[in-house]
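Please look through the sequence and the model below before reading the notes that come after them.

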Amino acid sequence: MKNFIREFKEFALKGNVMDMAIGVIIGAAFGNIVTALTDSFINPLLQLIPGNGEVGGAFYIGNVAFTYGAFISAVINFLIMAFVLFCLVKAINKAMSLGKKKEEETAPLTKKCPYCCTEIDVKAVKCPNCTSDIKE
């Protein structure tokens, strides 16, 4: 039992597990903010649209109410969250690439002898294998 508790403690206190937990908590809080934004601002704006702008609507089949307004609000919440996360990941990837040095193309160090087709140093004027003069 002590070994099990020790293993669980090592697992729970690893850096990546703690980072994931913090990410989940922040994600839930962000989800609440997006829900409040949708309910307080976006849905009222949609209700201003003349005609079919009602978001809080429902239809009935018998005694059962189907509230499609809640579904539309959930879809809007999802789209906002997906867009913000896409922009966030794109910005993070861009920031990560700024710190890395671009691999510069290096000039080749060897060339082929036009006579015997062996690899020779790029500065060579005579092939060490076939002893031909290189004119390049």
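This is a predicted model: local features need pLDDT of at least 70, side-chain atom pairs count only at pLDDT 80 or more; totals for chains, interfaces and linings use all residues.

Residues are numbered from 1 along each chain as its sequence is written, and side-chain values use heavy atoms, with hydrogens and water left out.

**Overall fold**
- The protein chain has 3 helices and 4 strands, where helices (H or I, at least four residues) and strands (E, at least two) are DSSP runs numbered from the N terminus.
- Along the sequence, these elements follow the pattern α-α-β-β-α-β-β.
- Of the 136 residues in the protein chain, 15% are buried; buried means under 20% relative accessible area, exposed means over 50%, and partly exposed lies in between (1.4 Å probe, protein chains only).

**Surface**
- The protein chain exposes about 11,600 Å², and carbon and sulfur atoms supply 68% of this area, as computed by the Shrake-Rupley method with a 1.4 Å probe, where for residues only the protein chains shown count as cover.
- A nonpolar patch with about 960 Å² of accessible area together is formed by Phe59, Ile61, Val64, Phe66, Tyr68, Phe71, Ile72, Val75, Phe78 and Leu79; patches are made of residues with over 30% relative accessible area and no salt bridge, with like charges joined within 9 Å and nonpolar side chains (Val, Leu, Ile, Met, Phe, Trp, Tyr) within 5 Å.
- Helix 3 gives the largest share of this patch, 6 residues, and strand 1 (59-61), strand 2 (64-66) and helix 3 (68-99) each supply at least two.
- Phe66 lies in strand 2 and is partly exposed at 37% relative accessibility.

**Interior**
- The largest nonpolar core has 5 residues, Cys113, Ile120, Ala124, Cys127 and Ile134; such a core is a set of buried Ala, Val, Leu, Ile, Met, Phe, Trp, Tyr and Cys residues joined through side-chain atoms within 4.5 Å.
- Thr38, which is in helix 2 (residues 15-47), is buried at 0% relative accessibility.

**Side-chain pairs**
- The side chains of Thr38 and Asn77 make a polar contact (2.3 Å), meaning a pair of N or O atoms within 3.5 Å; within protein, one must be able to donate a hydrogen and the other to accept it, and residues adjacent in sequence count only if both atoms are side-chain atoms.
- A search of the whole structure finds 1 salt bridge, defined as a side-chain nitrogen of Lys or Arg within 4 Å of a carboxyl oxygen of Asp or Glu.
- The side chains of Lys126 and Asp133 meet in a salt bridge at 2.8 Å, N to O; Lys126 is partly exposed at 44%, and Asp133 is partly exposed at 46%.
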